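Hi,

Here is the structure I promised to pass on. My notes follow below it, and I hope they are of use when you open it.

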Amino acid sequence: MRFDVTLYTHVGEPYSWEKLVDEAETQVKFADQAGFTTFWLAEHHFAWDGWYNSAPNPILLGTRLSRFSDRLRFGQCGVVLPDWHPLRVAEDVALMDHFTKGRVDFGIARGIDTRASIQFNPNADRRDQGTNYQLFSESLDVIMGAWTREAFQHEGRFYKFPVPGWVESNPMVYDPDYHAPGGELKAMGVFPKPFQKPHPPIWQMADSLDSHRFAGSRGLGVFCQSISIGKIKEAWAAHREAMSQAQHRDVAFGEKLCVVRPTYVADTYEQAIEDVSWGSKQLGKWYSHNPVKAYSAMATEDELDPGDFDLPWLDFQRKHGLVCIGTPDTVAEDVQRLRESVNCNHMTLFLNFPGLTFEKTMKSLSLFAEKVMPRFL
Amino acid sequence: MRFDSTPYYHVGEDYDWETLVDEMREEVRLMDQGGFTGIWLAEHHFHWDGWYRASPNPILLGTDLIGESDRLRVGQCGTILPDWNPIRVAEDIALLDQLTRGRVDFGVARGINNRATIQFREEADRRNEEHRALFSETLEVILSAWRDDALTYEGEYFTYPAPGWKETNPLGLDSRFHRDDGELKALGVTPKPFQKPHPPVFNMVESAGSHAYSAKMGIGAMCFSISHGRIKDAWRAYNNAASEAAGRDIPYGQNLAVMRPTYIADTHEQAVADAREGTNLLASWISTDPDKIRKIMVSEEELEEGDLDLDWFDFQLKHDLILVGSPETVSEQIERLESETGCPHLAFFLNIPLLSFQQVMHSLELAATKVMPRFN
């Protein structure tokens, strides 16, 4: 079984970047030794109040942190495509893939923080789901085209490349593959191409059925985070069906699919619950101030019992297996349940319970690496 | 004198990126050992034909290359501001500054490759005058994002925050950032840079007017293709504007730097033979009207009869626009630069086409062992 990990970034507390940089380097060195496969970094902007603390550029941070391990892969969970110019993403991820000699997992997302997204592109606003989705999808087209085509052209709702109107006056660079007679630029080559051929693995961060279908039809992997086993079964079946159809083959259930779980391990169960309880309340408040709506998307109707919507965030999460919190033994049982119920082969640990110290987070990570992971390797 | 350098990108060649990354890292290790102060990285896009080969993101390339050194500084020559979203630049430079614990020199430029620029932002098209205003606004947003805890900006191209976001989550409400009804009124851009208030800023410019503009904006300047006479004019203009803006006398030469194409071989003749063809090739790529450029590079007083008929390389060498020769002759060229302009800060530009990696490494070694020690 493959285990990946995310960076602890002290979500919810204004935190010194100097300390955070030291801690990130320490955590990467630990993850390298502990046998994790990929180290994932989120993209979040304008974290003046600690929400949602993270680097604004997971490609840049990953490039730096990759210098502290020769074997870990580095991913983004994810690059919020609607917030970027797609050619920059193609260039930057390809550059990073060269710097790491092919250790990039390209993670993408539609964005969960509209406050930030609209600062970059008005069409990234998720209050208009249709436009955001089209922008996301078109950005992905541009990126994949830029990586896989020598003389690249694109025309869509939001972008046209090359932008019309450039006529080459220098005969030295005229090339019939790229210029129309008369010199007008008609195609462009985007460089560098990625180190991994044809491009790094692509993973979409998504929970919904529609997004799983979209990713399957495009051959992308998916990381789901906040859905129950019942919901995972539905989503993974949809992904499998879409990918089987698109690729004309019988895709195995669970192929290219990963479950992310907020995870915290302590020596005793009581200690674990106590350590995360304050942070869980904060997370619950931030993720949504309308828990009924959020809860209903997290589990199936069959799984939901009367009164579930009245549960505090952490209790609801625990009841529906959305978090792995406890001792090495109970967390191993949580992982085993994922294996048995959906044949989960790939799990990513999300560490950001607000209010934990770095020491507690590292202790939890050590317990997981030493006492849980070996049971599944 | 402070010495910096660029890496070598194999401009004009169809060159493999895997090898290029390894070579650049080796060059930076040599610079680290050889007593250089900083490295400078250019931004160029879409080099399908080898022109102009460099990295499309100098901030990201710097993030990698700085992994080879615990002491070198890392700059961009420059970040092409009109091609970027200003918030991304503020965030990325600040992040790199944090990751390197304060070793960033922030270099900015208006861009010289319109073919690339318009792919990112059509208003950035250098064929209309608007691009100057766009550059200024972008720079203002970046400096404000670093300086202000709560950023508000309203300009012709950018408005921050973008209107229309009302906070409904009570956890996030804060009177510095929200109006009473929850409407977002300011942004806190994070992280802030490690260096306070922000990294040194260098504008990649040539003209006296652009030098004076940089001084007014409170940032430094780095020139590339102007003669000693032109440098003196430009730096005087900078100095006057800087002193006026500060309301006190700013020492001449402060925050100013020169970048020069540089190549050193064991003998002067060898260096000239190695660098001539590539230098000429670069010129024919950059301009279809080289005579016009010659008169911009060199002042009227410096221009002598017959200069316009010289081979491009000979013209450059005659007017000290390139540093090419043996350790002895290049040292003489640098001495002239120092005595005639008072230059305190010199960056080597290695990208003369058609050189091999071995030639470039040898040139850097000669610079570090036989040229730079004479100036320290």
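Is strand β12 (residues 346–350) of chain A largely enclosed by the rest of the structure, or is it open, and why? It is largely enclosed, because five of the five residues of β12(A) are buried. Buried here means that 20 or more other C-beta atoms lie within 10 Å of the residue's own, with exposed at 12 or fewer, partly exposed in between, and C-beta atoms placed from the backbone.

Before going further, a word on conventions: this is a predicted model, so local features need pLDDT of at least 70 and side-chain atom pairs count only at pLDDT 80 or more, while totals for chains, interfaces and linings use all residues. Residues are numbered from 1 along each chain as its sequence is written, and chains are lettered from A and ligands numbered from 1 in the order in which they are written. Helices (H or I, at least four residues) and strands (E, at least two) are DSSP runs numbered from the N terminus.

Back to β12(A). One side carries His346(A), Thr348(A) and Phe350(A), the other Met347(A) and Leu349(A), and all of these are buried, which leaves both faces covered. Two strands pair if DSSP finds at least two bridges between them. Strand β1 (residues 2–6) of chain A runs parallel to β12(A), joined by four bridges, and Val5(A) sits opposite Leu349(A) there. Strand β10 (residues 257–265) of chain A also pairs with β12(A) in the parallel sense, over four bridges; Phe350(A) is the bridge partner of Pro262(A).

Now the two chains together. Their contact (C-beta atoms, placed from the backbone, within 7 Å) takes 51 residues from chain A and 51 residues from chain B. On the chain B side, α3(B) gives the most, with seven residues. By class, that side has 26 nonpolar, 17 polar and eight charged residues; Ala, Val, Leu, Ile, Met, Phe, Trp, Tyr, Cys and Pro count as nonpolar, Asp, Glu, Lys and Arg as charged, and the others, Gly among them, as polar.

As for confidence, the predictor gives the complex an ipTM of 0.97 and a pTM of 0.97. Chain B averages a pLDDT (the predictor's confidence in each residue, from 0 to 100) of 95, and 100% of its residues score at least 70.

Best wishes

How values were computed: Contact = placed C-beta atoms within 7 Å.
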